[in-house]
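Colleague: I have a structure here that I would like to walk through with you. Could we take it piece by piece?

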Amino acid sequence: MLNSIRLNQYCHKQCNALAFEYATGQLRGLKKTFFSLLLEHSAHAQQHVSFWQEQLIALNASTPELAPQTRTWQAIAHSTQQARTLRPGQVSPKYWLAPAATGALAASIIMALILLPLTPAPAPKADYFAVLSDAQGGALVTATSFGESKPGQGNHLLIDWQTLADTSPPQPAEGNLQLWAKSKRDQQVRSIAVLDRTQMQEDSTLVLSPAQWRLVTDAHSLIITLEEAGGSAIGEPSERILARGPCIRLKEALL
Amino acid sequence: MRPQKHSAVRYGLALMLALCSLSSHSAEPANAVHAALTGIRDAALKSCIAQHQQKHQWRHLAQVTQLKCHNRGIVSLEGLATFSALTRASFFNNAITHYTPTGLSQLKHLNLAKNPLRSLALTHTTLEELYIFSTNLQTLTLSLPAATIVRANNNQLTQFTYRHLTQLKKLYLFDNALKALDITRLPQLHFMDVRQNPMPDELYDAMDQLPQATVLHDGNAEDWQ
């Protein structure tokens, strides 16, 4: 189960910005997935969202109502009256309304087909989720894994350094960061991957082999360490731990 | 007079010790390590050993007991056997495709992990720790009577045979392609991970019968979905 007290600690200043985007409907994709998860377990995140919702509602309530001008009403009444009474020689709407409606419908369908691919895809469903924090308890990075949602697409793990902490991942002058999984079953720590330079960006996606995916599914927690170039030479993590945190299976956590 | 006698004895002893020391290396040239380096053909390996030599001021082969050459782009270990006093040799993350040194009779720790090896046949009477994970190994043959740990996970092993692994305590074979494994001659084994191998259920049943051994396999792995 998620530890809500720890998650509240993770809700740093970025949380407020995410809450604003969430309340205004601007949050999209993986960030939306992540924040939705956080929202279910973090009272702080909920408070941030409530705050922005109240602010936005208050904006609406404080907008003064304006009475329409007399001539506006007269213009509306005049146009509706005109539509009701047909003059001689005028064609009844029933003759052109049906073809027009059909045309409009066809145009709408074509527009929808054109615009549909341009709309943002719904956020993929996450399977496992971990928030990794440093030795001081500050959240550094989130790791969210996604199972094979489409055949051939493969399992993957999104490593996000910026959503929780407004920092860039460390760029060691020498060596590599290495991601480890501590097994729920036997408590042994096994390497998932050595992160290369491209995978140490603000967020990056690791495509996981079946064996790597298996380590994630069996993970009690994930650990990121600083290792020599190429990773740990003995297949065990060094003592230079940058971040660690529990890994949860979302299906179980959300039951 | 007595103090003079004592100091004469002291100088005599010192001279004898110095002569003994010289005679023990009399078979070696003035700088045996330097001479041995000429037998190393791989430039990256030679450079690594030369750096160690400079750092540790090695002059005699007996001084070269540990060698760590990681991430150097080493392709060949030819000539390494000259360094017969090596007890630890680590060549992690290089480009070594073959390993055939003989004569490393004191070797206790060997690391060839993350090298593009395809086949390895290894006989060492003293070797205790062997690291060969994340290579391209397909066949592995071992005779290591002193070995206690073998890490051969994340390879492509289809065949693993052994003659003597009588002291082996930990065996890591996770993520290979093994369909069969002789588990009947590993009397000291107390941990083995063979998950992610296409082994038959009968073998898993036999593994479950191993006394005093924890075996992780796909037949008892709760994480498998």
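**A walk through the model**

Modeller: Gladly, and let us begin with B:Asn115, which sits in the loop between β3 (109–111) and β4 (119–123) of chain B; strands (E, at least two residues) and helices (H or I, at least four) are DSSP runs numbered from the N terminus. This is a predicted model, where local features need pLDDT of at least 70 and side-chain atom pairs count only at pLDDT 80 or more, while totals for chains, interfaces and linings use all residues. Residues are numbered from 1 along each chain as its sequence is written, chains are lettered from A and ligands numbered from 1 in the order in which they are written, and side-chain values use heavy atoms, leaving out hydrogens and water.

Colleague: Is B:Asn115 buried or exposed?

Modeller: Buried means under 20% relative accessible area, exposed over 50%, and partly exposed in between (1.4 Å probe, protein chains only). B:Asn115 is therefore buried, as its relative accessible area is 1%.

Colleague: Which backbone oxygen lies 2.8 Å from a polar atom of the side chain of B:Asn115?

Modeller: A polar contact is a pair of N or O atoms within 3.5 Å; within protein, one must be able to donate a hydrogen and the other to accept it, and residues adjacent in sequence count only if both atoms are side-chain atoms. The backbone nitrogen of B:Ala95 is 3.3 Å from a polar atom of the B:Asn115 side chain. The oxygen you ask about belongs to B:Phe91.

Colleague: What is the strand order of the open sheet in chain B?

Modeller: Two strands pair if DSSP finds at least two bridges between them. The edge strands, each pairing on one side only, are β1 (66–68) and β11 (214–216) of chain B. β1(B) pairs with β2 (residues 88–90) of chain B in the parallel sense over 3 bridges. With parallel pairing, the 8 strands follow the order β1-β2-β3-β5-β7-β9-β10-β11.

Colleague: How many salt bridges cross the interface of chain B and chain A?

Modeller: The contact (heavy atoms within 4.5 Å) takes 26 residues from chain B and 22 residues from chain A. A salt bridge is a side-chain nitrogen of Lys or Arg within 4 Å of a carboxyl oxygen of Asp or Glu. One side-chain pair that meets this way is A:Arg214 with B:Asp218, at 2.7 Å, N to O. Across the interface, the count is 4.

Colleague: How many residues of helix α7 of chain A are buried?

Modeller: Helix α7 of chain A covers residues 210–217 and is mostly covered. Among its buried residues are A:Trp213 and A:Arg214.

Colleague: Which residue in the turn of the β4(A) and β5(A) hairpin has a positive phi?

Modeller: β4 (residues 176–183) and β5 (residues 189–195) of chain A run antiparallel, joined by 6 bridges. The hairpin has 5 residues between the strands, and the phi in question is about 65 degrees. The residue is A:Gln187.

Colleague: Is B:Arg41, which meets B:Glu78 in a salt bridge, buried or exposed?

Modeller: The two side chains meet at 3.7 Å, N to O. The pair links distant parts of the chain, 37 residues apart. B:Glu78, at 42% relative accessibility, counts as partly exposed. B:Arg41 has 66% relative accessibility, so this residue counts as exposed.
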